[in-house]
Amino acid sequence: MPDAVVVGAGPNGLVAANLLVDAGWSVEVLEEQPEPGGAVRHDRGVDPAFVSDLCSAFYPLAAASPVVAGLRLEEHGLRWSHAPHVLAHPLTDGSCAVLDRTLDVTAASLDAFAPGDGDAWRRLHAVWERLRPDLLEALFTPFPPVRSGLRLAARLRGAGGLRMARTMVLPVRRLGEEEFRGEGGRLLLAGNALHADLAPEAAGSGGYGWLMSMLGQTYGFPAPAGGAGALTEALVRRLRSRGGSLRCGERVDRIVVRQGRAVGVRTAGGETVAARRAVLADVAVPALYGELLAPSELPPQLPDDLRRFQWDFATFKVDWALDGPVPWRAERAAGAGTVHLADGVAELTRFAAQLATGEVPDRPFALFGQMTTADATRSPQGTESAWAYTHVPHEVTGDAGEEGLTGAWDAAEQERMADRVERQVERFAPGFRSRVRARRILAPPALEALDRNLKGGAINGGTTAMHQQLFFRPVPGTGRPETPVRGLFLASAGAHPGGGVHGAPGANAARAALRRHRPPGLSAAQRLLSRRDRTGTRA
């Protein structure tokens with residue numbers, strides 16, 4: 001019998017399992033899919049000569065995460081690769097805002113829109129540098145982050161106190177208008193805010209856009225060399241090298257609860273896998289509380305709270321094998337790993353408004369990835385492995401375009417929507433479609449089939465809006481990995497701090513389980529010696 005069973009071998013589940021085995025626990029990970037990784041996988045399904053990431057592709061949060069850094073995955077084969085530029089946001093007139101790890105390069109691209117905007121970016125960056133250590137620690141630790149929160153509060157006072165707090169809760173449209181005279185800096189902030197489901201007019205979108213922009217400025221948007229799955233492979237190698245077990249093709253249908261405590265899981269095949277100490281669930285919140293647990297095992301208020309749980313936007317993705325580089329009208333976009341495609345902040349607002357009213361956008365804001373630009377191993381020389389994703393409503397009420405899309409996402413609708421995405425790319429890269437050797441469409445049902453946590457292709461485990469963050473995530477009064485069932489811990493992106501590949505929900509769940517079983521009365525030194533005795537290794 002293992003000490004812990006981890007349900008789900010996505011990045012959070014694998015991080016949790018690694019931290020538990022580091023503490024001397026025996027761990028078994030059960031994964032429904034035939035391979036581990038969840039949304040962090042790649043294949044050669046578009047063209048045999050091209051590596052294509054199935055879901056996620058760039059990992060600024062992993063690069064910044066102290067959780068990931070502490071696992072030292074480079075010792076297990078992980079290598080990061082960077083494009084010449086982090087991100088570009090071109091406009092149809094050929095101008096282009098560029099985010100680059102060299103601050104002066106970013107600033108110069110913004111000065112091209114309006115002199116002085118480069119200095120405005122430097123001021124935002126200076127605030128980031130002052131807050132960064134404690135901000136990142138607070139972000140990646142359980143809520144409330146007491147020690148790092150106190151230090152961050154002290155730093156905030158030095159950075160302007162309430163004025164800085166106001167800046168962080170501003171809508172990103174307003175933040176851009178206050179800080180920049182030209183469109184360039186506004187584009188970088190607003191486009192990055194829409195990596196989550198935050199419209200330019202949403203409260204808090206300014207803080208999120210600033211955070212993502214500054215992560216890119218400092219850490220870049222790196223990609224794992226060889227494909228997204230290389231990150232998963234390193235996590236799995238590390239786990240197995242320390243004695244952890246992983247079984248794929250094992251769907252968990254039920255958390256086994258006895259006398260109010262999780263004691264194991266039952267698989268779809270009828271096997272019961274017992275857990276001596278804890279069960280950690282890297283599964284979506286509605287699935288954990290609505291499917292894996294019986295209503296009688298939950299507080300009476302929780303089902304009502306779950307009915308109010310909000311998913312982030314659904315996602316529609318297209319992968320391409322291109323015979324040549326993308327023919328961008330704005331040449332500087334050619335060197336960026338990630339390219340944002342919307343013709344101004346007003347077009348981002350229009351896109352978000354169409355989503356809010358249930359319409360499939362007619363000019364979809366697309367996040368475009370140039371993977372061979374970021375990692376030359378992805379496709380033959382002179383070609384490009386590329387993708388784009390956009391968002392669509394979960395419940396479609398109409399089509400803002402002329403194709404009559406209904407959200408059925410049958411084969412014909414998928415082709416029409418993929419054509420719409422390609423037309424959006426063509427606005428910024430005339431001749432793009434002539435470079436397409438092959439394409440693959442991943443509509444919302446296909447993304448969910450790849451990973452059940454991606455409900456309708458929702459990639460963040462629930463909305464990033466303020467009403468479902470901190471102690472509201474996943475439902476009011478939570479914010480920590482502990483659940484109402486003793487010995488059961490939520491380890492997915494549905495828990496604080498939410499989506500993105502950074503490992504924090506998994507790490508928080510593992511640490512909560514370890515705290516629950518910490519021998520009473522031992523000092524830190526005694527616990528360290530106890531761990532060495534159990535594992536026979538240095539801590």
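1. Helices and strands here are DSSP runs, numbered from the N terminus. With that in hand, the loop to look at is the one between strand E10 (252-258) and strand E11 (261-267), where Gln-259 sits. Bear in mind throughout that this is a predicted model. Gln-259 has a phi near 55 degrees, which is a positive value in a residue other than glycine. Is Gln-259 buried or exposed? Exposed means over 50% relative accessible area, and Gln-259 counts as exposed because its relative accessibility is 78%.

2. Arg-72 deserves a look for its backbone too: its phi is near 50 degrees, again positive in a residue other than glycine. You'll find Arg-72 in the loop between helix H3 (66-71) and strand E5 (80-81).

3. Next, a peptide bond to check. His-496 and Pro-497 are joined by a cis peptide bond, with omega at about 5 degrees. Pro-497 belongs to the loop that runs between strand E21 (488-490) and helix H18 (504-516).

4. H18 itself packs with helix H1 (residues 11-22): the axes are 7 Å apart and the angle is about 35 degrees. The crossing of the two helices is right-handed. H1 brings Asn-12, Val-15, Ala-16, Leu-19 and Leu-20 to the contact. From H18 come Ala-504, Pro-505, Gly-506, Ala-507, Ala-510, Arg-511 and Leu-514. Sorted by class, that contact has 9 nonpolar, 2 polar and 1 charged residues.

5. On to the sheet. It is open, has 7 strands, and its order is E7-E6-E15-E17-E18-E14-E20 with mixed pairing. Which strands sit at the edges? They are strand E7 (96-99) and strand E20 (436-442), each pairing on one side only. From one strand to the next, the twist averages 20 degrees.

6. At the E7 end, strand E6 (residues 85-90) and E7 run antiparallel and are joined by 4 bridges. One of the pairs to inspect is Pro-90, whose bridge partner in E7 is Cys-96.

7. Which helix lies across E6, strand E14 (314-322), strand E15 (336-341), strand E17 (366-370), strand E18 (384-392) and E20? That would be helix H16 (residues 411-428), which runs at about 65 degrees to E14.

8. Helix H12 (residues 285-292) has a buried set made up of Val-285, Ala-287, Leu-288, Tyr-289 and Leu-292. What do these buried residues pack against? Their partners are E10, strand E13 (278-281), helix H13 (301-307) and E21.

9. The cut-off for buried is under 20% relative accessible area, so Thr-167 at 11% is buried. Setting aside neighbours within four places in sequence, Thr-167 is in contact with Leu-175 and Gly-207.

10. Finally, the overall picture. The protein chain has 19 helices and 21 strands. Its radius of gyration is 23 Å, close to the 24 Å that the globule rule gives for 539 residues, so the chain is as compact as a globular protein of that length. Along the principal axes, the C-alpha atoms fill a box of roughly 65 × 55 × 45 Å. Of the 539 residues, 59% count as buried. As for contacts with a separation of 6 or more, 72% are between residues 24 or more positions apart.

Key
Residues are numbered from 1 along each chain as its sequence is written. This is a predicted model: local features need pLDDT of at least 70, side-chain atom pairs count only at pLDDT 80 or more; totals for chains, interfaces and linings use all residues. Side-chain values use heavy atoms; hydrogens and water are left out. Buried means under 20% relative accessible area, exposed over 50%, partly exposed in between (1.4 Å probe, protein chains only). Axes are lines fitted to C-alpha atoms, for helices over the stretch in contact, and angles run from 0 to 180 degrees between N-to-C directions. A crossing is left-handed if the near helix is turned anticlockwise from the far one by less than a right angle, and right-handed if clockwise. Contact means heavy atoms within 4.5 Å. Ala, Val, Leu, Ile, Met, Phe, Trp, Tyr, Cys and Pro count as nonpolar, Asp, Glu, Lys and Arg as charged, and the others, Gly among them, as polar. Two strands pair if DSSP finds at least two bridges between them. The radius of gyration is taken over C-alpha atoms; the globule rule is 2.2 Å times the number of residues to the power 0.38.
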